[in-house]
Number of protein chains: 2
Amino acid sequence: MSSRMNVSCLPETKRVAVFGGTHGNEMSGIMLINMWIQNATEIKRNGLLTKPFIGNPRAVEKCTRYIDTDLNRAFTPENLSSPDEGLPYEVQRAKEINQMFGPKGSSDAYDVIFDLHNTTSNMGSTLILESLEVGPQPQGVLRSNVFESMRTIMKHALDFLELFNSGVEFPPCTVEVFRVQERMDYPRDINGNISAMVHPHLQDCDWEPLNRGDPMFLTFDGRTILYEGTNTVYPTFINEAAYYEKQQAFVTTCREKLAANAIRKASK
Amino acid sequence: MSSRMNVSCLPETKRVAVFGGTHGNEMSGIMLINMWIQNATEIKRNGLLTKPFIGNPRAVEKCTRYIDTDLNRAFTPENLSSPDEGLPYEVQRAKEINQMFGPKGSSDAYDVIFDLHNTTSNMGSTLILESLEVGPQPQGVLRSNVFESMRTIMKHALDFLELFNSGVEFPPCTVEVFRVQERMDYPRDINGNISAMVHPHLQDCDWEPLNRGDPMFLTFDGRTILYEGTNTVYPTFINEAAYYEKQQAFVTTCREKLAANAIRKASK
């Protein structure tokens, strides 16, 4: 049958890690992981080893994003191969995590890592490659609705892997995605200080179209700055707390459709 | 005239300080103060010296609540009289601020201090004694609506002082207030870890009545914990990020009416 031709056969998923606290002030993942470390019943699945893990325990203890440097940007080849002495805490931690769950690209590496994050942006539930972003939720706050969303998504993700391992074939589908295009900084004065805020018409409007001429920023002296790009874009991570230091007010994305093949487990 | 009998005559207000960044991750006050330090036109009033001031510059730089200890809890008589050597940063800073704007209770002290704060709780705009709390706004985020609210309130507060100084008499009035009663902690397990979240029916319901039998917390295993007090209370600071470390899920308040006398400036 021709439909069988397009089935992608992928290796069985044996080991899954679920990370929370990669950023120490993103509470939903931290609380879920701590709960699952105490009692893993909820994340057990047939034929699957599931490991809950706190990424940055020292930052969790201080309820801060990181101690020395952003752990989520620390898994570079340079860092992972650097000698052990005198490293920033998160670089040392990245090396340890790479040993435990990798090494990256090796046959010893875990098959899947879910990395649970929160955002202060109004993004709903967002899958970003391996990581999972759910908001809006302020840093250091645990909101039950955000917690339960993340818990439900993880349930479905693990159910999916269990079914996949059992040999179920999943049909082809089309998925709407947003592809990141450009990072937009806040307007700044000559000293580099922020001189405008996200415009109230853009605030909380993650994933909604931004067209040429739409309000984008509001300066402290009351002027509106318009979006002047020619293409419609879909801003997201709008006014995320952690991205002020990364000089990013939001990112623009474009909307695309991806066609996914049917998939099933490869025969041994 | 008998109505003249109840006018409270108060001394002229000569010097006013406006503080932002007492907590280094509460962005509205920080941005307003920085803006007013660069250009004070907006806060100038006849006959009033108005001083904009960043309370905790090192915490602002790191976008964190504090470096060593909470500055807003550091102005104790013990701290203010302690010898200078080896002090936590915020205790040292409290002593400096007390020298600049106090000393507390002395005739050299500023007449009024406005201390601008943000909260992650859904509290709207709240006047707390001298301090001013506006939310909801996540830590490290600047929302234009919260920024503009705070700016407007400060405009009216300074206008009021200018009118008062000019001799205008303000009529008596009745004000509805909420008086803090009890600090409520999160439910905890035997290790002291949080075992429940603010219930979704209570989340964001600051200032609304909580009656006996109303949902208060939701445990991680799905049980609802009800409010069992006999009196109706008005919770606020519900799920404030900064109060997890203070073991506080919310505070209860009772609603009261206060009668204020008419006031005017005392004759010299």
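Where in chain A does UniProt place the feature "domain: AstE/AspA barrel-sandwich hybrid"? In this predicted model, the unreviewed UniProt entry puts that domain at residues 174-253 of chain A.

**View 1. The annotated domain of chain A, residues 174-253.** The span that the unreviewed UniProt entry names "domain: AstE/AspA barrel-sandwich hybrid" is 36% strand and 0% helix, and its end C-alpha atoms lie 18 Å apart. Within these residues, A:Trp207 sits in the loop between strand 8 (196-198) and strand 9 (215-219) of chain A. The phi angle of A:Trp207 is near 75 degrees, a positive value in a residue that is not glycine.

**View 2. The relation between chain A and chain B.** Chain A is superposed on chain B by a rotation of 180 degrees, with 0.0 Å of shift along the axis and an RMSD of 0.0 Å. The two copies are therefore related as by a two-fold rotation axis. Of the C-alpha atoms of chain A, that of A:Pro138 is nearest the axis, at 2.2 Å from it. Both copies use the same surface, in that 100% of the contact residues of chain A recur in chain B.

**View 3. The interface of chain A and chain B.** Chain A brings 29 residues to the contact, and chain B brings 29 residues. The area buried between the two chains is about 2,300 Å², and carbon and sulfur atoms give 57% of it. A:Ser144, A:Met197 and A:Phe220 together supply 24% of the area that chain A buries against chain B, which is more than any other three residues supply.

**View 4. Polar and charged pairing across the interface.** Between chain A and chain B there are 2 salt bridges, and 8 residue pairs are in polar contact. In one salt bridge, the side chain of A:Arg143 meets that of B:Asp204, with an N to O distance of 2.7 Å. On the side of chain A that touches chain B, helix 2 (27-38), helix 6 (144-165) and strand 8 (196-198) each supply at least two residues. By class, this side of chain A comprises 15 nonpolar, 9 polar and 5 charged residues.

**View 5. The annotated binding site and a salt bridge at A:Glu26.** An unreviewed UniProt entry carries the annotation "binding site" for A:His23, A:Glu26 and A:His117. Although these residues are spread over 95 residues of sequence, they cluster in space, with a largest C-alpha distance of 7.5 Å. A:His23 is found in the loop between strand 2 (15-20) and helix 2 of chain A. Side chains of opposite charge can pair when their charged atoms come close. Over all chains the count of salt bridges comes to 30, and A:Glu26 forms one with A:Arg65, the closest N and O atoms being 3.6 Å apart. This pair links distant parts of the chain, 39 residues apart: A:Glu26 lies in the loop between strand 2 and helix 2, whereas A:Arg65 lies in the loop between helix 3 (57-62) and helix 4 (77-80) of chain A.

Terms used. Residues are numbered from 1 along each chain as its sequence is written. Chains are lettered from A and ligands numbered from 1 in the order in which they are written. This is a predicted model: local features need pLDDT of at least 70, side-chain atom pairs count only at pLDDT 80 or more; totals for chains, interfaces and linings use all residues. Side-chain values use heavy atoms; hydrogens and water are left out. Copies are superposed by least squares on the C-alpha atoms of residues with pLDDT of at least 70 in both. Contact means heavy atoms within 4.5 Å. Buried area is the accessible area (1.4 Å probe) that two parts lose on being put together, summed over both. A salt bridge is a side-chain nitrogen of Lys or Arg within 4 Å of a carboxyl oxygen of Asp or Glu. A polar contact is a pair of N or O atoms within 3.5 Å; within protein, one must be able to donate a hydrogen and the other to accept it, and residues adjacent in sequence count only if both atoms are side-chain atoms. Helices (H or I, at least four residues) and strands (E, at least two) are DSSP runs, numbered from the N terminus. Ala, Val, Leu, Ile, Met, Phe, Trp, Tyr, Cys and Pro count as nonpolar, Asp, Glu, Lys and Arg as charged, and the others, Gly among them, as polar. UniProt positions are given in the numbering used here, feature names are shortened, and annotations may be inferred rather than shown by experiment.
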